[in-house]
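User: I have not looked at this one before. Can you walk me through it?
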Amino acid sequence: MERFRTRTALLALTAASSLLLTACSGGAASGEGSKAADRHDYSAGQPAPAQSRGAEERDDRREDPDHLSTFALDVDTASYDYARRALADGRLPDPSTVRPEEFVNSFRQDYDRPDGDGFSVTVDGARTDDENWSLVRVGLATRTTQRTGERPPAALTFVIDVSGSMAEPGRLDLAQESLSVMTDRLRDEDSVALVTFSDEAETVLPMTRLDGNRDEIQEAISDLDTQDSTNLGAGVETGYETAVEGLRKGATNRVVLVSDALANTGDTDADTILERIAGERREHGITLFGVGVGSDYGDALMEDLADKGDGHTVYVSGSGEARKVFCEQLPRNIDLTARDAKVQVAFDPGTVEEFRLVGYDNRRVADEDFRDDRVDGGEVGPGHTVTALYAVRTEPGAEGHLATATVRWLDPGTRDPHEETGDLETDSLDDSVWSANRGLRTAATAAYFADALRRVDSDLPDAPRLDELAGHADDLADHTESEEIRRLAEAIETAHRLM
């Protein structure tokens, strides 16, 4: 975890500039008596200093003025759903597959939505029982599809794993069922193509409009059958070639990879696979959406492909989840409202002694690259919320400005950059995490659960035991009457029994 170190003499000298963090919507005004005057001018491509390296180096902090956290947005949720699958099978998930940010982002958040494209920014927090420690939540939300009319046409190339391992129930059969239902729900102006791969890859259906061709598409889906080994690299490469051949201007062009990601033939390294289709990705902006299936699942490869392929991943283990991904959530999973989205959180050196970003280990961005639009960020669709959670240690008795969060993204069509900001003051921190609003309590519960499953000493303050966490989750589920939080509580209880 990257941590914050206290303000240095250099910061004290430069703070007299009294300039605020700015964005396209204009800088945020500071309150009377706050520490906001200590903030630097981070506009016009001038990033704040880079994130610091750890509280254990606090003796060296006078030489390091860093107090920023910068990362690319991520809307993956596969880690949480795969962990639930493992627990349902009576086993603890491999700690290497547990990514806390994906646990946190698996739950609905009621952030305000922006009026148009882009993001709203919400920053809040609550105190823990550990002295001077709080949890701070940075929440981002995109518009819903209903607020701006229907989505643009979709041109979807489905790359389906038909290797031998996909014969297990809940793999190819689940993919076929999902694609069949989705085909019935897609609009006439949408198009789909089908590519299969085992030891080799084959285009079984070129890009085909739904209008007048649904029966042909359904037949191609029902004819899918398992074969031999898993040449995932060939599948992705052929999928992108097929997507380029069927490219539609003005449509959302996306490759959807459905696989257990257990590659054992050909290229099995994400970087090598993506390098072979780098030209198609850069020139045409075709993004990759990974859908993981199977009790034995190549989580690391699928996550790597999606992260580096400008996309995201989900994991499905049953018909209900599959229908949700391919039908109910189809617009958010295939459409784009923002490209290369990044977040930079500036913690006020006058009030914050230390901070730790929860998760996002594979999504960190150098602070100086925040406004370098050549550096990859995250791709986000309509209806998404993105949450980042921080453990923050404030200076004893600190009052005033705590942090400013800025999100920067590119318009998917014009590539024009935009920014939006949100602020948090120390007096806005709730008294306790466990009595805070639903969203913050849910995020905290998910983060503590992920931390416990990683089976390492917790970096989060005031970490409860698993049985205590299960109690918090039960209380939250009773209060909210939320089925998704009830499932979280049950997963925590199962993990407690297994541990």
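User: What is the mean pLDDT of the protein chain?
Analyst: The mean is 84, and 86% of the residues reach 70 or more.

User: Where does pLDDT stay under 50?
Analyst: Over residues 1–65, for which the model has 153 contacts beyond four places in sequence. Where pLDDT is low, the predicted coordinates should not be read in detail.

User: Switching to rings. How many aromatic pairs does the structure hold?
Analyst: There are 13 aromatic pairs. In one of them, the ring centres of Y80 and F103 are 5.3 Å apart and the planes are at 75 degrees, so this pair is edge-to-face. Y80 is in helix α2 and F103 in helix α3, so the pair ties together parts 23 residues apart in sequence.

User: Are Y80 and F103 buried or exposed?
Analyst: Both are buried. Y80 and F103 also form one aromatic cluster with F107 and F449.

User: Now α14. Why does its end-to-end distance agree with its length?
Analyst: Helix α14 has 16 residues, 483–498, and at 1.5 Å a residue should span 22 Å; its end C-alpha atoms are 23 Å apart, which agrees.

User: Which residues of α14 are buried?
Analyst: E484, I485, L488, A489, A491, I492, T494 and A495.

User: And what do the buried residues of α14 pack against?
Analyst: They pack against α2 (78–88), α12 (438–453) and α13 (466–480).

User: What is at the start of α14?
Analyst: A side-chain oxygen of S482 comes to within 3.4 Å of the backbone nitrogen of E484.

Terms used
Residues numbered from 1 in each chain as written. Predicted model: local features only at pLDDT ≥ 70, side-chain atom pairs only at ≥ 80, totals over all residues. Heavy atoms only, no water. Helix = DSSP H or I, 4+ residues; strand = E, 2+ residues; numbered from the N terminus. Expected span 1.5 Å × (residues − 1). Buried < 20%, exposed > 50% of the residue type's maximum accessible area, 1.4 Å probe, protein only. Contact = heavy atoms within 4.5 Å. Polar contact = N/O pair within 3.5 Å; in protein donor to acceptor, adjacent residues only side chain to side chain. pLDDT = per-residue confidence, 0-100. Phe/Tyr/Trp six-rings, centres within 6.5 Å; stacked < 30°, edge-to-face > 60°.
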